[in-house]
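Let's walk through how two parts of a protein chain sit against each other. Have the viewer ready, and follow along from the overall contact to single residues.

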Amino acid sequence: MEQMIAGKTLKDWLEAYPLLESLMETKEIFWKNEQKLSFAQGNKTLPLSLNDINEAKERFQRFAPYVKEMFPETVQTEGIIESPLRYIPTMKGQLEACYRKNLTGELLLKCDHELAAAGSIKARGGFHEVLKHAEFLAIKHGLVTKTDNYRVFADSEFKDVFNNYSIVVGSTGNLGLSIGIIGTALGFRVTVHMSSDARQWKKDLLREKGAVVIEHTKDYGLAVSEGRKEAEKDPSSYFIDDEHSLDLFLGYAVAAKRLKDQLDENGIVINEKRPLFVYLPCGVGGGPGGVALGLKLLFQDNVYCFFAEPTHSPSMLIGMMTGEHDRLSVQDFGIDNKTAADGLAVGRPSAFVGRLMTPFIDGIYTVSDSGLFKLLTCLADSENIYLEPSALAGMPGPFRLFHQKGFPMKNAVHVVWATGGSMVPKKEMQEYYQRGKSHIEE
Ligand SMILES: *Cc1c(COP(=O)(O)O)cnc(C)c1O
């Protein structure tokens with residue numbers, strides 16, 4: 001009998017979704033989301049609002065004195081962890097030459113690789129959830145009220161309390177890193193379940209911080225389920241669930257408000273005549289989903305959001321396109337989930353994010369590993385900006401749109417989200433750079 005994939009034969013799947021054929025061949029493709037609704041329509045059933053994002057933003061504000069104390073690199077920003085928004089004119093010129101297309105709008109890079117303390121977009125979601133949990137426990141133990149100065153979280157009596165609690169997380173690397181950094185700083189016992197593709201230096205750094213790292217031989221999905229299982233056994237243990245967490249999601253969403261402030265500072269007003277296009281690397285979906293939802297709530301129909309995935313891990317694309325979300329994995333279609341973009345090496349997407357974001361996302365495209373490496377080297381040479389491979393997936397976005405109809409590109413402001421890289425060790429980065437160089441020379 002023919003093998004069934006979520007109740008259908010492969011032939012049935014291919015008939016219903018012809019794009020699957022190119023996906024299975026790991027070709028670079030663009031999927032336009034025909035299920036997208038107007039903001040007003042999509043918003044009707046949305047279980048979240050700007051209020052929820054404001055609460056997360058206020059929580060970051062309450063913790064700012066603590067963050068400032070613990071992470072001296074945030075002194076200048078008064079304990080607020082935020083990244084710059086930069087024009088990248090030389091890179092823009094390189095891309096235009098490479099794609100033989102003129103990008104009439106502006107191209108900016110949102111530099112989350114520079115986020116203090118964690119060096120990736122996970123400093124938003126990961127930090128928010130850990131801080132929220134710490135706040136909850138501190139209030140429960142009568143250590144603090146919401147109107148106190150949270151600098152006190154650095155005091156030893158807080159650490160003594162948090163040391164009785166553990167935090168568990170499953171990760172491809174960066175989420176574990178951010179949870180480990182803020183979790184151990186607060187005094188929690190932290191266990192990180194790492195997938196096989198996690199980089200050695202991330203494991204080493206975590207162990208240095210005092211976290212327990214458990215290495216798995218399988219991929220991200222297994223690392224998460226093992227973490228979940230372990231946490232369930234222990235009532236003093238808190239599991240950070242990358243696939244289902246609203247608190248991670250809201251931490252990411254705060255970025256939208258901050259981006260709006262930065263656009264304002266640059267004199268960029270987003271409206272119907274000057275729409276915003278945002279390109280977000282997507283792994284399990286919480287990071288890009290949170291940012292995109294925040295932007296939709298702020299800019300409504302004047303923002304267009306695109307996710308980018310590796311050709312070998314197009315899990316959100318398959319999940320959203322079919323509406324099956326986490327019921328399908330890329331491996332079900334013979335796609336191996338092996339990519340140098342370790343932050344995006346996710347074979348099965350978050351159903352929570354997939355369902356929530358289907359009415360709001362404009363499309364998803366895939367990028368090959370060699371494409372990511374070329375862009376890495378190109379960005380380093382043109383702008384002296386060094387990103388990890390995952391963080392380049394957004395970069396080709398504006399140029400991939402030239403072949404698509406129905407997007408008002410003429411006066412658009414394009415923001416490519418750079419999601420990580422500043423903590424990558426020099427030697428490792430040099431290898432990435434060389435790899436890109438050799439692909440360019442091919
Ligand atoms: C985690 C991560 C992403 C994607 O975030 P998800 O929540 O997994 O979708 C993108 N880039 C980098 C560098 C990351 O670490």
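Between domain 1 and domain 2, an area of about 2,400 Å² is buried, and carbon and sulfur atoms give 57% of it. Buried area here is the accessible area (1.4 Å probe) that two parts lose on being put together, summed over both. Please keep in mind that this is a predicted model, where local features need pLDDT of at least 70, side-chain atom pairs count only at pLDDT 80 or more, and totals for chains, interfaces and linings use all residues. Residues are numbered from 1 along each chain as its sequence is written, and side-chain values use heavy atoms, with hydrogens and water left out.

To find the two parts, colour 4–47 + 77–117 + 249–441 as domain 1 and 121–246 as domain 2; these bounds come from an automatic or database domain assignment. Their C-alpha centres are 26 Å apart. At the interface, 33 residues of domain 1 are in contact with 23 residues of domain 2, contact meaning heavy atoms within 4.5 Å.

Charged pairs also link the domains: there are five salt bridges between domain 1 and domain 2, each defined as a side-chain nitrogen of Lys or Arg within 4 Å of a carboxyl oxygen of Asp or Glu. You can look up the salt bridge that joins the side chains of K202 and E388, at 3.3 Å from N to O.
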